[in-house]
Amino acid sequence: MDNFGHLLDGFANVLTPMNLLIALLGVTIGTAVGVLPGIGPAMTVALLLPVTYGMEPTQAFIMFAGIFYGGMYGGSTTSILLNTPGESSSVVTAIEGNKMAKAGRAAQALATAAIGSFVAGTIATLLLVVVTPPVVAFAISLGAPDYFALMLLSFVAVTAVLGASRVRGFASLLIGLAIGVIGIDQTGQQRLTFGIPQLADGIDVVVVAVGIFAVGEALWIAAHLRRKSAEVIPVGRPWMGRQDWKRSWKPWLRGTAYGFPFGALPAGGAEIPTFLSYATEKKLSKHPEEFGKGAIEGVAGPEAANNASAAGTLVPMLAIGLPTNATAAVMLAAFQQYGIQPGPLLFERESGLVWTLIASLFVGNLMLLVLNLPLAPAWARLLRIPRPYLYAGIIFFASMGAYAVNAQPFDLFLLLTLGLIGFGMRRFGLPVLPLIVGVILGPRAELQGRRALQLSGGEFSGLLGGWVSWLIYATVLVVLLWPLLRRFLVRPLRERLVTG
């Protein structure tokens, strides 16, 4: 019951005129930028991260919560109207959503996506309130070896599990780790600074996130630029008939049940639950013939799973300080921007801030539903902005945001350099998430590893703590060896069962 008492205190902080205005501004900006093609929630958050710079922390995170959920909402509009998912978790929404739009049911597709996002976001945020404190209590019992093992699992998860290619995933992670160790280490030695004084303090995570996501994406789009804006399907006022409601409410709940647990797992993400939700709805639907032609269940379920997964990612991010997707990684950068370290002590040291953030997720979720239903036609008009103007604006705001972090012209040079790295990664198919995770968790993994080795007098056995670290190392080993296990154990066993 203490948790709900803290939550009520959080609502008391949010429900003031100024904070409600900031929340409204956050959800409006987040939705507007999230709607634009090819941007997606992670890039939305990265691009707008500098907007909160200089604000008081509580108000900044109220706005940030709105931007976070707003970016998730906006991505469904792009997927449905343009068949252009902002990120991989929106791919499934585009399959049926765009077919519905082409069949003249864009309004219904947008409505079920918006309401499903609201239902899933509300239930998942409530689960966040219930689940996170026990996870925090468990995390407090962990030692340095356990944290080092957890971060190693996070590195392996984002490279070997989520990426299409393990080699490219690990290459991206190594680039991130190299960027993360730039600066002065704990012994006072400079690393990878090349004699440049501005690099002695390291590279700010905000500059890295904005450069890799925003500038890299803008350069990539510019290299493949089409001069005219994409054809946007007209949208009326979103509404749902009785039959649409009947076919949508169960997929909303099932999608939430899939999304939240996967979002909270280190190797979960939103891709797996959205595909599972789509497959489930196709199997359970009374109208399977409509799948592939515009089935409303194929929009309702995956979109709910996507948004529930977004709330689930906040559990390990707040409780342990581990980001499980790109959006959570950028959000972790926002905490570091204010000198706040997410982890088991966060709820003790910054209790008011955390519960205000969680309460603002409920408020922002409601605001998004109120905004998205009547304003969907207005958001659709944003999709008509010509690409040259759109990405010129992105680079302008990215440059202004990066400069505002330290007010140093050198950061603009860094921004361009990181943008070129981001462009090269897209060119050669390297995933972006491992790089961001490497930048953020690399120094922290080094710190925990040093502590574990100091406690053991330099013996490598110090990295092996209690049963938690042993279990994590076993999981890492299985993940790394899974291709061999599948080839030499699982596949022959399956063939024997089939033939026998």
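Which element gives the most to the lining of the second largest pocket? Helix α19 does, with 5 residues.

## Basis of the model

This is a predicted model, in which local features need pLDDT of at least 70 and side-chain atom pairs count only at pLDDT 80 or more, while totals for chains, interfaces and linings use all residues. Residues are numbered from 1 along each chain as its sequence is written, and side-chain values use heavy atoms, with hydrogens and water left out.

Helices (H or I, at least four residues) and strands (E, at least two) are DSSP runs, numbered from the N terminus.

## Second largest pocket

The volume of the second largest pocket is about 540 Å³. On a 1 Å grid over the protein atoms alone, a pocket is an open set of points with protein on both sides within 12 Å along at least five of seven lines; a cavity is a set where a 1.4 Å probe fits but cannot get out, and lining residues have an atom within 4 Å of a point. Grid points are joined across faces, edges and corners, and a volume is the space filled by probe spheres set on the points.

The pocket is lined by 27 residues, of which Gly180, Ile182, Asp201, Gly202 and Ile203 are the closest to its centre. Two or more lining residues come from each of α8 (166-180), β1 (183-184), α18 (410-427) and α19. By class the lining has 13 nonpolar, 8 polar and 6 charged residues (Ala, Val, Leu, Ile, Met, Phe, Trp, Tyr, Cys and Pro count as nonpolar, Asp, Glu, Lys and Arg as charged, and the others, Gly among them, as polar).

## Other links of α19

Arg191 forms a salt bridge with Glu446, with 2.8 Å between the closest N and O atoms (a side-chain nitrogen of Lys or Arg within 4 Å of a carboxyl oxygen of Asp or Glu). Arg191 lies in strand β2 (residues 190-191) and Glu446 in helix α19 (residues 433-455), so the pair ties together parts 255 residues apart in sequence. The count by this rule is 4 salt bridges.

The axes of α14 (residues 326-337) and α19 come within 9 Å and cross at roughly 40° (lines fitted to C-alpha atoms, for helices over the stretch in contact, with angles from 0 to 180 degrees between N-to-C directions). Ala326, Ala329, Leu332, Ala333 and Gln336 in α14 meet Leu433, Ile436, Ile440 and Arg444 in α19, contact meaning heavy atoms within 4.5 Å. These residues divide into 7 nonpolar, 1 polar and 1 charged.

Helix α6 (residues 106-140) and helix α12 (residues 297-312) have axes that come within 7 Å and cross at roughly 35°. The residues of this contact divide into 10 nonpolar, 5 polar and 1 charged.

A search of the whole structure finds 1 cavity of 30 Å³ or more. The largest cavity has a volume of about 60 Å³, and its lining includes Tyr73, Leu110, Asn372 and Trp379. At least two lining residues come from each of α4 (57-82), α6 and α16 (351-382). The lining divides into 6 nonpolar, 3 polar and no charged residues.
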